[in-house]
Amino acid sequence: MTSSSSHQQTSADPEILLEGKGLERTFLTGEVAVRALRGVDISLTRGELVVLLGHSGSGKSTLLNILGGLDRATAGTLRFEDKDLSHATDAELTRYRRRSVGFVFQFYNLVAGLTARENVALVTEIANHPMQPDEALELVGLGDRVKHFPAQLSGGEQQRVAVARAIAKRPQILFCDEPTGALDSQTGIRVLEALDRVNRELSTTMLIITHNVGIGEIADRVLRMQDGEIIEETRPNRRLKPSEISW
Amino acid sequence: MKGMSPLNIKLLRDIWHMRGQAIAVGIIVACGVAIMVMALGTLSTLSASRDAYYERYRFADVFASVRRAPESAAARLREIDGVQTVETRIVRLVILRIENVDEPANAQIVSIPDDSDSILNKIVLFHGRYPEARSPDEIIISNAFAEANELQPGDAIEAVMNGRLRTLTIVGIGDSPEFIYALGPGTLLPDDRLFGIFWMRRRALEAAFDLDGAFNNVSLTVAPGTDTATVIDQVDDVLAPYGGTGAFDRPDQLSNAFVDSEMNQLKTMAQIIPAVFLVVSAVLIHSILNRLIQTERQQIGLIKAFGYSRSEITWHYLKFAIAITTGGVLAGFALGFVLQNLITNLYAETFRIPDLTWRVDAFALVAGSVAALGSAIVGSMSAALGAAKLSPAEAMQPAPPINYQQSWLRYVLQMRWLDEPTRLILRHIFRFPARTAANLFGIAAAVTLLVGTLFSFDAIDDMIDQMFFRTNAHDAAVTFFEARNESAVSELSRIPGVMAAEGVRDVPARLVSGYRSERVSITGLAADAQLRRVLSSDGRYVDMPSTGIVLSSQLAGMLDVTTGDTITAHILDATRPVVDLPVTAIIDESVGTPAFMDIATMNALLDQPPTVSGAYLKLDPQRQNEFEDSVIERPGIAGVSLRAAAIASFEETLQETIYIMMGIYAVIGGAIAAGVVYNAARISLTERGRELASLRVLGFTNNEVGYILLGELAIVALIGIPLGCIGGIALAHLIATAMATELYRIPVTVNPSTLGITALIVLVSSTIAALFVVRRVRSLDLIAVLKTRE
């Protein structure tokens with residue numbers, strides 16, 4: 001197993017998929033203005049797996065919300081492919097999330113009333129060129145659990161259903177917010193394996209945010225945030241397999 | 001909030017937080033209480049004003065008519081045990097000629113003593129004065145008639161009295177407790193324009209009707225505790241030789257009976273309708289409280305861990321229900337007062353009672369509060385006890401996730417052909433059967449209430465159709481002063497414009513079966529009558545059989561007899577024969593408790609030549625005016641009623657009432673539906689907010705998420721509406737049965753259009769309520785959902 005695909009992309013002239021420049025986000029809480037983002041420049045290229053590290057309050061979730069179309073920056077520009085999202089309307093952001101973006105949440109956020117397959121189908125139904133729900137579940141190693149309801153699955157399994165749900169519509173970018181945050185390390189690794197596989201086989205661009213430094217080792221690129229700024233960018237020499245890392 | 005216990009502060013904040021739902025429940029409670037306050041308040045207003053009126057103006061206890069009795073008979077009436085006061089009178093129907101009124105109008109002329117005020121059934125004089133004793137042409141007229149025809153003291157009015165056209169001068173305007181509800185001959189609703197009461201000095205009437213030293217009507221009062229039935233029998237004995245037609249007491253006095261009937265309807269309304277509201281509000285409170293307790297599990301655990309007792313926690317949540325309900329009760333009082341005022345004003349136009357003014361009924365307030373708070377406590381008790389029972393350690397854990405499982409339903413609910421959102425909606429419906437049932441119940445209750453009240457307008461249409469079209473093919477009904485030879489009918493048929501005439505004879509009778517006895521009027525119709533017919537309950541025409549008697553189903557029920565049974569008829573006319581008659585058919589009539597016979601058989605029983613007391617006429621529409629002009633000059637005619645005028649008056653009188661009542665019912669029925677839907681949608685949004693926000697993050701639009709949130713309610717509404725229609729028809733039967741009186745009964749007719757209007761009201765109000773909640777979908781916090789665990 002090699003990391004050829006990611007190396008190809010980093011060595012060739014990489015195509016920028018999503019680019020934010022000078023992103024700022026200020027929250028007004030009462031009299032106090034909190035600057036959660038202080039001019040962040042970030043670009044994600046097609047097919048790369050980026051891990052965004054940072055402590056609580058560093059601004060990484062705020063950045064993910066803006067990149068994912070859940071929130072708008074107070075200042076700065078955001079482009080996805082050739083579209084300017086800086087001043088997008090709610091409907092345009094919904095369309096962006098619907099067509100181009102996938103999300104994996106810390107707490108899975110599965111729909112309790114639907115089986116694993118149906119949770120995936122929920123998203124494939126509103127997508128343009130989705131894969132079959134069963135195929136997506138196969139990809140995350142849950143081919144035999146398709147008819148189970150969330151309450152009948154373990155946390156790791158639920159998170160993998162969430163991954164399957166996120167990738168089934170073949171999004172161009174997948175945002176994962178602490179995808180292993182609620183899991184023990186064994187289960188967490190299985191989830192990371194699923195993400196890793198999707199990144200390699202489908203060339204889906206991924207941004208994983210975590211405070212878990214170890215996870216950075218499976219990435220093409222690691223960004224570190226602190227006090228609303230990206231303070232460090234590193235490219236590991238070799239991208240490790242999830243089974244090779246520990247935390 | 002200083003000095004308030006922290007739990008009470010929490011309570012207030014909970015209510016503030018859930019104010020939308022609290023208001024929804026409060027409105028439903030308010031509607032139930034309002035109807036109770038309105039119905040009972042109007043009832044006590046009517047009852048108190050009427051009783052005061054009766055007492056102050058000495059409404060009589062027993063009434064009787066005779067053909068002609070000498071004044072000496074009055075002395076014998078005074079000798080009857082228990083009789084206190086006797087007043088003899090002359091009472092006659094006359095035909096009027098009023099300027100600018102084309103149709104024949106009637107007045108009932110009632111005598112007043114020559115030198116004084118009446119002793120019984122006294123006049124309350126609003127304007128003017130009493131007629132001069134020596135002036136033969138002065139009259140007092142009833143207030144409603146004066147208002148409708150814009151007549152004032154000093155105006156003149158023409159009346160045909162015993163065949164002579166007389167010009168009468170109005171000197172006063174008044175009313176009497178005898179005519180609170182004043183009905184002209186052959187009508188069911190008062191027509192103030194075409195029927196009035198006139199009071200005239202006795203001597204003037206004696207002269208006009210050749211009744212010197214005689215009377216044809218008597219009223220009397222009896223000592224408290226006297227059995228009126230015994231008095232009536234003795235009065236009948238005294239008056240029989242003079243052509244007495246049977247004495248009767250207050251319950252059979254027409255005006256009084258109509259007021260009683262209205263009061264009975266108000267009572268029924270106060271008993272049945274608020275119950276629907278209060279049951280719905282109890283169900284809603286139960287669901288709201290259950291949800292609140294789910295949300296506050298951890299807090300409850302904490303509070304218990306601090307050492308609060310079970311009863312303190314139970315009481316805390318009961319207070320939540322009581323607080324919401326109390327708000328509703330107070331609003332219900334206010335709304336009830338407004339409605340009561342509205343209804344009292346409507347009644348004041350129909351029921352001529354002086355001082356019929358709005359008054360507070362303390363009992364209604366107490367009963368409304370007790371019923372509302374009682375149902376709130378019943379509704380909230382199980383949820384509150386459930387909260388108190390939570391063990392602190394367990395409660396402080398988050399609630400276990402909703403456990404959906406494949407079940408026996410899985411084969412049914414594979415639903416492969418459905419999209420996921422729809423499948424989700426259906427699963428949710430089946431996953432929470434109790435909640436679905438509660439929502440279903442709420443919607444169905446709204447529909448039930450609407451159908452069960454709005455049907456009365458269909459019923460009125462049906463009554464009009466039956467009364468004026470199916471059973472009556474005549475254009476005019478003529479009443480004679482007294483029974484006349486059949487040749488009078490052929491005379492009528494020679495009046496210009498009359499195309500056909502059929503004689504009719506009404507005789508008063510007492511019908512007896514076992515210990516049951518009813519005083520009625522038997523109508524004699526020709527066997528082949530075409531202008532007045534009767535219908536069986538399945539809508540077929542019934543011809544008059546040559547023997548026996550035909551009873552209305554209402555009367556048959558009161559006498560507890562059926563076809564084939566024999567009843568005894570005491571005919572209160574002329575020779576007063578007592579005969580046994582077989583019941584040959586039971587027929588369907590909405591109005592009164594009529595009985596019918598073949599007119600020839602009736603005359604034979606009375607041992608009289610062919611005799612009639614009135615006639616039904618078919619008119620040539622082109623020559624109706626000619627008829628109207630000439631008929632009133634014919635001698636012997638007491639009254640003429642035109643079908644077209646009767647229908648117009650019926651509809652005109654009911655129109656306003658119908659629109660007001662329909663409006664009230666539509667609003668309150670809609671309020672139930674809106675309350676149920678709003679509440680259900682809010683609970684659903686609270687419970688599934690996170691799930692729905694996740695879907696928004698995943699790219700679902702607001703509308704798609706709204707579909708998932710509300711689809712369930714839409715399905716519930718679509719099932720609840722037909723269920724409610726069935727319930728509404730059942731409620732209609734219940735109300736029709738409860739409201740049926742001897743005067744009329746409401747047929748249970750529910751037109752498809754009423755079901756349609758009901759469905760529309762419920763759908764529109766539900767949709768409006770749902771839109772209020774959908775607005776909140778837009779403000780779902782998409783960011784929080786990524787971070788928080790439920």
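User: Which residues does Ile443(B) touch, not counting residues up to four places away in sequence?

Analyst: This is a predicted model, in which local features need pLDDT of at least 70, side-chain atom pairs count only at pLDDT 80 or more, and totals for chains, interfaces and linings use all residues. Residues are numbered from 1 along each chain as its sequence is written, while chains are lettered from A and ligands numbered from 1 in the order in which they are written. Two residues are in contact if their C-beta atoms, placed from the backbone, lie within 7 Å. Ile443(B) touches Ala673(B), Val676(B), Val716(B), Ala717(B), Gly720(B), Ile721(B), Gly724(B) and Val762(B).

User: Which residues touch the most other members of the largest nonpolar core?

Analyst: A residue is buried if 20 or more other C-beta atoms lie within 10 Å of its own, exposed if 12 or fewer, and partly exposed in between, with C-beta atoms placed from the backbone. A nonpolar core is a set of buried Ala, Val, Leu, Ile, Met, Phe, Trp, Tyr and Cys residues joined through C-beta atoms within 7 Å. Here the largest core has 308 residues, and Val163(A), Ala164(A), Leu207(A) and Ile443(B) touch the most other members. Its largest share, 19 residues, comes from helix H2 (residues 19-56) of chain B.

User: How many residues of each chain form the contact between chain A and chain B?

Analyst: In this model, 27 residues of chain A are in contact with 27 residues of chain B. Helices (H or I, at least four residues) and strands (E, at least two) are DSSP runs, numbered from the N terminus. Helix H2 (60-67), helix H3 (90-100) and helix H4 (116-124) of chain A are the elements giving two or more residues to its side. H4(A) provides the largest share, four residues.

User: How is chain A built, and what does its radius of gyration show?

Analyst: Chain A contains seven helices and 10 strands. The radius of gyration is taken over C-alpha atoms, and the globule rule is 2.2 Å times the number of residues to the power 0.38. For 247 residues a compact globule would have a value near 18 Å, and the 17 Å of chain A agrees. Its C-alpha trace spans about 50 × 40 × 35 Å along the principal axes, and 49% of its residues are buried.

User: What are the corresponding features of chain B?

Analyst: Chain B has 22 helices and 22 strands. Its C-alpha atoms fill a box of roughly 100 × 60 × 55 Å along the principal axes. Of its 790 residues, 47% are buried.

User: Which residues are buried in H6(B), and where do they lie around the helix?

Analyst: An α-helix has 3.6 residues a turn, so residues three or four places apart point the same way. In H6(B), the buried residues are Val231(B), Ile232(B), Val235(B), Val238(B) and Leu239(B). Seen down the axis, they fall within an arc of 125° (the arc of the directions from the helix axis to the C-beta atoms), so they line one face of H6(B). They pack against strand S1 (62-70), helix H3 (72-78), strand S2 (83-89), strand S10 (214-222) and strand S11 (248-249) of chain B.
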